[in-house]
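Morning, everyone. Please bring up the structure on your screens. I'll walk through it piece by piece.

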Amino acid sequence: MAKRPKSGRCVHCLQNVEDLTRDHIFPFAWYPDNTPENLQRWTIPSCKTCNEQYGKLEEDLLLRLGMCIDPENANSSGITDKVLRSIDPDYANDRTEKRIRERKKEKIKKEIVKWEAIPPIGLHPNFGVQSNVYYPEYPSIPISADKLERLCHKIVRGITYFVDQTFIENNFEIQFFTLDDKAAQPLLKKYQQYCEPYDRPGIKVVRAMTSDNPDAGFYAIEIWGRLKMYAVVKPKELSC
Ligand SMILES: [Zn+2]
């Protein structure tokens, strides 16, 4: 018998809806292939619209990010293979899917820019070249900063709900930022005593709720040991 849809509030847009879905905080396809089958993955209530919009955003980001990571790294085991298969026409089940994959592959190939030297700007911190790899040239792929920011918001809202069963209301704002490891150290040190870690295969989130302002939170997100993002949640009227 089909389950009756559950009504309630969407963690992302905060609307009350009649037919809530379950959305993965860390996208299902982003878990490495060494994730135990029976592991409880983080999910949160989401309206269908937000769930679908994030699904598209995550698919696009995964394709681009997956092409930049080390296929041998256990933190992201199987991700690069999966991404390359998703645009490989030879893995299609029928002719329609084959054409879709061919188009996707051509589109992404056209977006690749090759540099003779590391470009001076535009690299996501810690997501540039890998130190253990020899590069005769530097191929790069554009990744939408807006989409990364939206992914960060989603994870922050998701972890907050998962841990506290609360929503980040509209009188709060989420400020997304990126830092290289050196610049992040003082912040991580500052919040160290308040930090609570949450992790799953492929993702680590550290959250610090400071005692001087229990409504304000600091979040450090690390995906596959490579992609690092930071956020501060605070009431809108508070200046930083
Ligand atoms: Zn929603």
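One term before we start: a residue counts as buried when its relative accessible area is under 20%. And keep in mind that this is a predicted model.

Let's begin with asparagine 51. It sits in helix H1, which covers residues 48-66. Is asparagine 51 buried or exposed? Its relative accessible area is 19%, so it is buried. What does asparagine 51 touch, leaving out residues up to four places away in sequence? The answer is Thr21, Arg22, Asp23 and Ser46.

Stay with H1 and look for its partner. That is helix H4, residues 145-164, and the two axes come within 10 Å. They cross at roughly 125 degrees. Because of that angle, H1 is oblique to H4. The crossing is left-handed. Which residues make the contact? From H1 we have Tyr54, Leu57, Glu58, Asp60 and Leu61. From H4 we have Lys147, Leu148, Arg150, Leu151 and Lys154. Sort them by class, and the H1 contact with H4 has five nonpolar residues, five charged residues and no polar ones.

Next, two backbone spots. Leucine 14 is not a glycine, yet its phi is positive, at about 70 degrees. Find it in the loop between strand S1, 6-9, and strand S2, 16-24. Leucine 14 has 9% relative accessibility, so it counts as buried. Glutamine 165 also has a positive phi, about 60 degrees, and is not a glycine. Where is glutamine 165? Look in the loop between H4 and strand S6, which spans 172-177.

S6 takes us to the sheet. Five strands form an open sheet, and the order is S6-S10-S9-S8-S7. The pairing is antiparallel. Which strands are at the edges? They are S6 and strand S7, 195-200, and each pairs on one side only. Ignoring direction, neighbouring strands are turned by 20 degrees against each other on average.

Zoom in on one pair. Strand S8, residues 203-209, and strand S9, residues 217-223, pair in the antiparallel sense over seven bridges. In that pair, methionine 209 stands opposite glycine 217 in S9.

How values were computed:
Residues numbered from 1 in each chain as written. Predicted model: local features only at pLDDT ≥ 70, side-chain atom pairs only at ≥ 80, totals over all residues. Heavy atoms only, no water. Helix = DSSP H or I, 4+ residues; strand = E, 2+ residues; numbered from the N terminus. Buried < 20%, exposed > 50% of the residue type's maximum accessible area, 1.4 Å probe, protein only. Contact = heavy atoms within 4.5 Å. Axes fitted to C-alpha atoms, helices over the stretch in contact; angles between N-to-C directions. Parallel < 35°, antiparallel > 145°, perpendicular 65-115°, else oblique. Left-handed = near helix turned anticlockwise from the far one by under 90°. Nonpolar A, V, L, I, M, F, W, Y, C, P; charged D, E, K, R; others polar. Pairing = 2+ DSSP bridges.
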